[in-house]
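Notebook open, model loaded. I want to look at one spot up close and then at the chain as a whole.

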Amino acid sequence: MTRHVVDNENTSKNWDGLDIEIDLFDQGRSGVGGRSSHRLKSDEQNGSLRWDHGCQFFRADTPIFKKVVKNWIDNNVAEEWKGRFAASPPSDSSANANLDFFGLPSSPPFYVGVDGMRSIPARLLSENVDNSSKVEDNGDNAKEKSNINNILELLQGTRVARMERNEVTQRWILFGTSGEGAFHDTSEEIAKKTNEVTLGRVSDGDEAIAGYDAVILTDVSSSFGKWHRASAGVPEVFAKRVRRRIGARVPLFATMIAFDKELEVPFDAISFREKNTPLWFAARTNAKPLLKNEEKNSIDKDCWTLISTPEYAMEKIAETPMQDPTTGEFIPQSRDYLISVPGADLEKAFRNEVVEQSTGDPNFKVPNIVYMDAQRWGSALPCHRHLDGTSTTLRIISGVPYDSHRSPLAPTKEEVLSSQRQDEEATNRNFLLDDSLMLYQAGDMMSTYTPGYEGAALSGIEAAEHLIDQILLLQK
C-alpha cells in the first residue's frame, strides 16, 4: 500500500482505483476550512449567533470552476447569493470601482456555502465518511479521526511542525503536536510545554513502510521559520521557492458583531470604495441563503462581519507584530487586543457609515451590540501576481513582506507573474512542485490566477491531477 499525505481539503478528489492512503492534517481550532471559516456562538442570553469571518463568498468565472460550482449547487453544497448589495460611494464617478470587494456589487454572480463557508470543505469530506471516532493525542485533548472510504484519515487540531525525509526509504516522516498546543491563538507558554511526537499512521518496528511518499502543503505559513506557529519545518531549498512565488501577502482583520435588533439599512452587503476608512467590506450573515430559512440554522440576533482594508491591517500589524522583536517568539492573537483595537475601530467606522447613510431620518438608531469578536488574518490573500520587490505599496514588517496594493479582484482570470516570482520548475503551473522530493505547495498563494477562493481551488485541482499522475508512475 503506497501512503501519501495532504494537509487541506483542496486535493481531496476522487482517488478511486489508486492504491493509496491519505492523511489530512488540519491545524484549525474549529475544524477544516482555513480561511473558509465560520464562527458559531451560542449562549442562553443571545441564543445562536453565526458569522463567516474569513472568506465571505466566492466567484466562479473560469470554465473549470463553473463546472465544479454547478455540481455543488446541484447537490445543495453551495448556492448563488442574491441580496441587496451596495457600494459606498455608490457612483463610479466619485470613487474607483476597482476597490469593490471581489466585484461586489458590480460584477455578480456571487456564491456561498449553504450552511456557512466552512460547510463546503466539511461537506465534501463528510459525504464519504464511513465512521469517525475519538482518539487521544499525546496530551489530555482529543482529536477527531475520520475514515473516508478507508483511504483518507482526517486528523484535526494537529500541527505538523517538522518534516524529515528518510533517504533510504525516500519517505517523509512528520513530527508535531495536537490539541491546545497546536493552535495559532494558544499562548507561547502553553505551546512550549507540548511535546513533539511522530505524526500519522507510522507502523511500529517496520521502518520500510513508515512515513509518506508525498506531501502537499497548502498553508503558505508552513514555509515560515520555526518561530511561527504554522511553520512545518519545510526544507529550506523548497521553502525559498515558496517565498519567492508568494512575493508578498495581504493581511486583513475581520470583526464579528451581533446587534440585539435588526439593523435597518437598505443593504445586506456593501463594499467601501474610499481609502480613508479602515473598512473594506461588511455583510449580514442572516441574509445569506438558507441560513435565514431553515430552523436548524436559525440566527437569533442580527450578525454582521466587517472586513478591514489591507492598508489598515498593515498599519496595525506594524504596531503589534506577530513576532517579538527581542526574543523572536511567536505572538499569538490576544482576544482582548483584537476586540479593543481592530474590532473597535471597524465597528466605529461601520457605525459612522450607517449613520451617514441614514441622514434625514430623525428616528434612526443603531441597535445595541450584544457580542463582538475579531480575527487577524496575517496571510489573508496573496498580492497580485504582477507585484514584486519594486512595488511602492510593499512593506517589510518583522522580516515578512506585505503589500496593500489593490487591483480588481473580479473577474477571476490568469495574471502575468512578475519575473521576480517565476519558478523554472513550475512554469505555467498553478502550484509549486519538486517531483524528486515528492513535495508540493498548492493554494491561492501559488496560483497564477486572480487572488481568491477560485484561484485556490484551481491550484488544488491542478496539483491533485499532477500527483495522481506521479502516483500512477510509482505504482507501475
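I started at Thr62, which sits in the loop between strand 4 (47–52) and helix 1 (63–74). The model is a predicted one, so I keep that in mind throughout, given that local features need pLDDT of at least 70.

Buried or exposed, I asked of Thr62? Thr62 has a relative accessible area of 8%, so I put it down as buried.

Next I looked up what Thr62 touches. Leaving out residues up to four places away in sequence, I listed Thr412, Tyr449, Glu454 and Leu458.

Glu454 got a second look. Its side chain and that of Thr62 are joined by a polar contact of 2.7 Å. Along the chain Thr62 and Glu454 are 392 residues apart, yet I read 8.3 Å between their C-alpha atoms.

**Cysteines**

How many disulfides did I get? The count is 0, going by sulfur atoms within 2.5 Å. I also checked burial for two cysteines: Cys303 is at 0% relative accessibility and counts as buried, and Cys383, at 2%, counts as buried too.

**Whole chain**

I then zoomed out. The protein chain has 7 helices and 23 strands. It has 476 residues, and 57% of them count as buried.

For contacts with a separation of 6 or more, I noted that 73% are between residues 24 or more positions apart.

Last entry: the accessible surface of the protein chain is about 20,800 Å², and carbon and sulfur atoms account for 47% of that.

How values were computed:
Residues are numbered from 1 along each chain as its sequence is written. This is a predicted model: local features need pLDDT of at least 70, side-chain atom pairs count only at pLDDT 80 or more; totals for chains, interfaces and linings use all residues. Side-chain values use heavy atoms; hydrogens and water are left out. Helices (H or I, at least four residues) and strands (E, at least two) are DSSP runs, numbered from the N terminus. Buried means under 20% relative accessible area, exposed over 50%, partly exposed in between (1.4 Å probe, protein chains only). Contact means heavy atoms within 4.5 Å. A polar contact is a pair of N or O atoms within 3.5 Å; within protein, one must be able to donate a hydrogen and the other to accept it, and residues adjacent in sequence count only if both atoms are side-chain atoms. Accessible areas come from the Shrake-Rupley method with a 1.4 Å probe; for residues, only the protein chains shown count as cover.
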